[in-house]
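Please look through the structure below. Some questions and answers about it follow.

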Amino acid sequence: MTHPTPIRAAEQVVIIEAARAYVAGIGPIDLSNAGTLVGHLMAAETLLMSIVAAFEDPTERAAA
């Protein structure tokens with residue numbers, strides 16, 4: 001893995017901070033509301049995919 005460029009490092013920080021802000025803003029969850037739970041799970045999955053993409057080695061993506 002190569003060292004990230006400053007722009008790439010900034011992108012990683014922005015994505016991690018977005019995930020932190022989302023988690024901090026969730027608050028109490030009504031566990032009996034399936035729609036709310038599914039919404040939170042979908043949002044978490046999207047954030048995790050964004051985090052993975054930000055930390056992937058660009059040379060590995062090009063080779064795939």
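Q: Is Arg8 buried or exposed?
A: The model is predicted: local features need pLDDT of at least 70, side-chain atom pairs count only at pLDDT 80 or more, and totals for chains, interfaces and linings use all residues. Residues are numbered from 1 along each chain as its sequence is written, and side-chain values use heavy atoms, leaving out hydrogens and water. Buried means under 20% relative accessible area, exposed over 50%, and partly exposed in between (1.4 Å probe, protein chains only). Arg8 has a relative accessible area of 15%, so Arg8 is buried.

Q: Which residue forms a salt bridge with Arg8?
A: A salt bridge is a side-chain nitrogen of Lys or Arg within 4 Å of a carboxyl oxygen of Asp or Glu. With the closest N and O atoms 4.0 Å apart, the partner is Glu11.

Q: How far apart are the closest N and O atoms of Glu17 and Arg20?
A: Glu17 and Arg20 are three residues apart in helix 1, so about one helical turn separates them. Glu17 is partly exposed at 40%, while Arg20 is exposed at 53%. They form a salt bridge, and the closest N and O atoms are apart by 2.8 Å.

Q: How many salt bridges does the count come to?
A: Arg8 pairs with Glu11, and Glu17 pairs with Arg20. The count comes to two.

Technical notes: Helix = DSSP H or I, 4+ residues; strand = E, 2+ residues; numbered from the N terminus.
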